[in-house]
Amino acid sequence: NTSITDEGISKIASRTISLISFENCAIEGHGFASWSQPDKMSFYGNGSKLTDAGFATVCACFPQLWNVVISNTRIGNDGIRALAGQTPTLLRIQN
């Protein structure tokens, strides 16, 4: 429940973070374009403003998504298609 946006999230790009979890914030996803994490990454977005294009950015920057939980977002079929080629061990899509 913060006002953090993609501009803010782009400033904390880190190779040591392996879990991103955010709820009820203004993140759409394109702010992750400055990130690069070749290792396993868990990604949880609940109630955010995550979009199809933003989630595609996430999938490109984190090629080894491990656990993915997406709920109460604007992601539709185009966003889910961005997971093609990924092999998450957990995929939960709600609402």
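These are my notebook entries on a predicted model of one protein chain.

**Ground rules**

I number residues from 1 along each chain as its sequence is written, and my side-chain values use heavy atoms, with hydrogens and water left out. Because this is a predicted model, local features need pLDDT of at least 70 and side-chain atom pairs count only at pLDDT 80 or more, while totals for chains, interfaces and linings use all residues.

**Confidence**

I looked up pLDDT first, which is the predictor's confidence in each residue, from 0 to 100. The chain has a mean of 93, and 100% of its residues reach 70 or more. Confidence is highest in helix H2 (residues 52-61), at 96, and lowest in strand S4 (residues 90-94), at a mean of 92.

**Overall build**

I counted three helices and four strands, taking helices (H or I, at least four residues) and strands (E, at least two) as DSSP runs numbered from the N terminus. Along the sequence they follow the pattern α-β-β-α-β-α-β. The radius of gyration is 12 Å, close to the 12 Å of the globule rule for 95 residues, so the chain is as compact as a globular protein of that length. For that I took the radius over C-alpha atoms, and the rule is 2.2 Å times the number of residues to the power 0.38. Along the principal axes, the C-alpha atoms fill a box of roughly 30 × 30 × 20 Å.

I also checked burial, where buried means under 20% relative accessible area, exposed over 50%, and partly exposed in between (1.4 Å probe, protein chains only). Of the 95 residues, 39% are buried. Then I turned to contacts, meaning heavy atoms within 4.5 Å. Among those between residues at least 6 apart in sequence, 45% join residues at least 24 apart.

Which residues of H2 are buried? I found Gly54, Phe55, Thr57, Val58, Cys59 and Cys61. Their cover includes S2, strand S3 (65-71) and H3.

Ser42 sits in strand S2 (residues 41-46). Ser42 is buried, at 9% relative accessible area. Leaving aside neighbours within four places in sequence, Ser42 is in contact with Ser18, Leu19, Ile20, Trp66 and Asn67.

**Cysteines**

How many disulfides does the structure hold? I found zero, using the cut-off of two cysteine sulfur atoms within 2.5 Å. Cys25 is buried at 6% relative accessibility, but its sulfur is too far for a bond, because the closest cysteine sulfur, in Cys61, is 17 Å away. Cys61 is buried too, with a relative accessible area of 13%. Its closest cysteine sulfur is in Cys59, at 9.5 Å, which is also too far for a bond.

**The salt bridge**

I found one salt bridge, meaning a side-chain nitrogen of Lys or Arg within 4 Å of a carboxyl oxygen of Asp or Glu. Arg81 pairs with Asp78, their closest N and O atoms being 2.5 Å apart. The two are three residues apart in helix H3 (residues 77-81), so about one helical turn separates them. Both Arg81 and Asp78 are exposed.

**The start of the chain**

Last, I visited Asn1, in the segment before helix H1 (6-10). Is Asn1 buried or exposed? Asn1 is exposed, with a relative accessible area of 76%. Not counting residues up to four places away in sequence, Asn1 touches Glu23 and Asn24. The side chains of Asn1 and Asn24 are joined by a polar contact of 3.0 Å. A polar contact is a pair of N or O atoms within 3.5 Å; within protein, one must be able to donate a hydrogen and the other to accept it, and residues adjacent in sequence count only if both atoms are side-chain atoms. From Asn1 to Gly76 I noted 75 residues in sequence and 23 Å in space, C-alpha to C-alpha.
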